[in-house]
Amino acid sequence: MKEWIANGLQDWDISRDGPYFGFKIPGEDDKYYYVWLDAPIGYFASFVNYARKHDLDIDSFLRSRDANLIHFIGKDITYFHFLFWPAMLMAAGFTQPTKLAVHGFLTINGQKMSKSRGTFLNAGDYIKHLPPECLRYYYAANLANRIGDIDLNPQDFMERVNNELVSNIANFAYRTLKFANQHFDGQLDKSSKFGSEDASRAGIIKEAKEKFSELNLREAVQAILALSDLGNRTFQKHEPWKLVRTDRQKALDVVSWSAGIVKDLAILLSPILPDYSEQLRQQLNLKKLDISELGKPLTGPISKARIVLTPIEQQVLDRLLPCAGKFPLDIRVGRIIKAVHHPAADKLFVLQVDMGEPRQIVTGLRDFYKAEELEGKHALFLANLKPVKLRGRESNGMILTAEVNRKFRVLEVPAAKPGTNVMPKDVEIGREQIDIKEFSRLGVTVKGGKLVLGDAILTLGGAPVAVDAPEGSKVS
RNA sequence: AGCGGGGUAGGGCAGCCAGGAGUGCCCGGUGGGCUCAUAACCCACAGGUCAGUGGUUCAAAUCCACUCCCCGCUACCA
């Protein structure tokens, strides 16, 4: 960012040539508006929609110098929001952003989401399996107020949601409210006070409010957890389930105080978990959750306690990323039936290959093989590569080669039956198409005369594939 | 190659900008407690050459230099 400014700002091209998505430029043939010219205008639309619903004065936000306007964006679109969009707003006389809250990407198991690795998850699929609250909680628990990627590790996701959100927070709310229902018919005593615990409570609430203001959700979640910890600890320490038989008033004090904490939790969680928060509001029998009520006792009778959030089950988690763990490459034996020179290229062959099914594959091996040499060979092919046209001829896959003495040699498997898969033992093959970039990123290599991907040795009919290529050769 | 993020307990992370005893969170491990609650809750314990090397300093996870390793982005896109 500093660098562009230091280098001097230049004009901004706001048109793009087709093929492109977005809006066509009127009067031009194949030109489109650059998407970041018009996309932020959607911010106005959603804000105006929100403002009308909540009876807000639109101009006092969009036309005022005093308004505090924050953009929450991903790190890849920083410059549009840092330079272009404010420039457009400035020119049009609208409020400019006071702050950009920039977040990193969501990675899965430490790596970019990828269809071929089965780690691609979209919101529509997620929602079929789990409530939004779980993911919202996980994001908030990991979002700091600085740029950094968030990793979605499915196991960690499940553990944190189950242990922190469900067992610690939600279970505390339920145990408290249910106890109040059962033993006191939901009637609380608003005068309950606990000296040192009240001090801790006030400290935690202050901390949580500060962290929210700093947009540090991770730390805000830490504070919220500390509050439910305090609740659980206090409840445990006073053992109201025993007191209820010996000192009813004291038991009522403990439960009433704890219910006050539940109310605090409902308020503090409302930006992160609106649905859950709303459920708690109903159970607490409150008209609304107001930030000014934080730290104050809970008044009035409460409604019936209900379980709202339940733990994520392993099976559900497994269904969330059904392709994860599958082997991403569909490598097969193919017999080259015919090899002809590509009519429009010097280096390309067009191959007709029997890979259990007939396929046409275009490959650049003319520097290394003659057509007759290739014909009849049994070799390894990548079958789930995205089809591409090379100089006008469709290629449905790729022949695999390794470099031997500065020459690219195909990986021959003379005795193998066409169509047989090559893969690690005991895995399932993912048939999602991948592009060549992803293939080279995965990095199939030669180790000890065998083909490996990571730690996995690739096998053909149960035995490792023997290849004649130097140690460490990259397969491409 | 350039640019950016990272390497801290068995796993996942904060702490670093503004140096002050390895402080903290979650999981996992071990031992105990409780039985109100969603097999939950509470208490205690174990576990670390803060990637490496060198420097600055009374003092370095934190600042500086170099090295190694991981991840991401990047061209008709400032």
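Biologist: What is the mean pLDDT of chain A, and what share of its residues reach 70 or more?

Modeller: This is a predicted model, where local features need pLDDT of at least 70 and side-chain atom pairs count only at 80 or more, while totals for chains, interfaces and linings use all residues. Residues are numbered from 1 along each chain as written, chains are lettered from A, and side-chain values use heavy atoms, with hydrogens and water left out. As for pLDDT (the predictor's confidence in each residue, from 0 to 100), chain A has a mean of 81, and the share at 70 or more is 83%.

Biologist: Which element of chain A has the lowest mean pLDDT?

Modeller: Elements here are DSSP runs, with helices being H or I of at least four residues and strands E of at least two, numbered from the N terminus. Helix α13 (residues 274-284) has the highest mean, 95. The lowest mean, 57, belongs to helix α1 (residues 2-7).

Biologist: How far apart are the end C-alpha atoms of helix α9?

Modeller: Helix α9 covers residues 195-213, which is 19 residues. The expected span is 1.5 Å times one less than the number of residues, so α9 should span 27 Å. The model agrees with that, its end C-alpha atoms being apart by 28 Å.

Biologist: Within what arc do the buried residues of α9 fall?

Modeller: Buried means under 20% relative accessible area, exposed over 50% and partly exposed in between, with a 1.4 Å probe and protein chains only. In α9 the buried ones are E197, R201, I204, I205, A208, K211 and F212. They line one face of the helix, because seen down its axis (using directions from the axis to the C-beta atoms) they fall within an arc of 130°.

Biologist: Which residues are exposed on the other side of α9, and which helices are among its cover?

Modeller: The cover over the buried residues of α9 includes α10 (217-238) and α12 (248-269). On the other side, the exposed ones are G195, S196, A199, K206 and S213.

Biologist: Is N142 buried or exposed, and which residues does N142 contact?

Modeller: N142 is in helix α7 (residues 132-142). Its relative accessibility is 19%, so N142 counts as buried. Contact means heavy atoms within 4.5 Å. Leaving aside neighbours within four places in sequence, N142 contacts I150, R160 and R218.
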